[in-house]
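This report describes the fold of a single protein chain, with attention to one helix and to aromatic pairing. Please consult the sequence and the structure shown below.

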Amino acid sequence: MQKYEYKIKRIDKTNKWIYVEDKYSLYNESDAFIHLVKAISERNGGNIINVGEMQYRIANDKFDLIYQWDDLFGIVILYKDSDKVEEVITDLENFFAV
């Protein structure tokens, strides 16, 4: 079984993007992204909803985040509410720590 170790790499508060990296993957490998989306959907008890090319939302996600795979940037999480960005970051970090 593949091991994944995620961490927040950078936060772009202007564009509302959170860049995430996996310690064991290269940017051109989408496996860590797919694993992350599936794991978060299982945690939230929600279905994965396709919202664009390599962009997904999770039903029942309290932050209504969009998870995006990009060949250039890797894993990117888009958030909508700037007032909740710190709560989003805390939630993601807690999830990554498990």
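## Helix 2

Helix 2 (residues 85-97) comprises 13 residues and spans 18 Å from its first C-alpha to its last, close to the 18 Å expected at 1.5 Å a residue; that expectation is 1.5 Å times one less than the number of residues. Helices (H or I, at least four residues) and strands (E, at least two) are DSSP runs, numbered from the N terminus.

The buried residues of helix 2 are Val85, Val88, Ile89, Asp91, Leu92, Phe95 and Phe96. Because they cover an arc of only 165° around the axis, they lie on the same side of helix 2; the arc is that of the directions from the helix axis to the C-beta atoms. Buried denotes under 20% relative accessible area, exposed over 50%, and partly exposed in between (1.4 Å probe, protein chains only). The packing partners of these buried residues are strand 1 (6-12), strand 2 (17-22), helix 1 (31-44) and strand 6 (74-78).

## Basis of the model

The model is predicted: local features need pLDDT of at least 70, side-chain atom pairs count only at pLDDT 80 or more, and totals for chains, interfaces and linings use all residues. Residues are numbered from 1 along each chain as its sequence is written, and side-chain values use heavy atoms, with hydrogens and water left out.

## Aromatic pairs

The whole structure contains eight aromatic pairs. Rings of Phe, Tyr and Trp (its six-membered ring) pair if their centres lie within 6.5 Å; planes under 30 degrees apart count as stacked, over 60 as edge-to-face and the rest as tilted. One of the pairs joins tryptophan 17 and phenylalanine 73 edge-to-face, at 6.0 Å centre to centre and 75° between the planes. Tryptophan 17 belongs to strand 2 and phenylalanine 73 to the loop between strand 5 (66-70) and strand 6, so the pair ties together parts that are 56 residues apart in sequence. Phenylalanine 73 counts as partly exposed, at 34% relative accessibility.

Ring pairs also link Tyr4, Tyr6, Phe95 and Phe96 into a cluster. Phe95 and Phe96 are among the buried residues of helix 2.

## Overall architecture

The protein chain has two helices and six strands, in the sequence pattern β-β-α-β-β-β-β-α. Buried residues make up 41% of its 98 residues. Of the contacts (heavy atoms within 4.5 Å) with a separation of 6 or more, 43% involve residues 24 or more positions apart.
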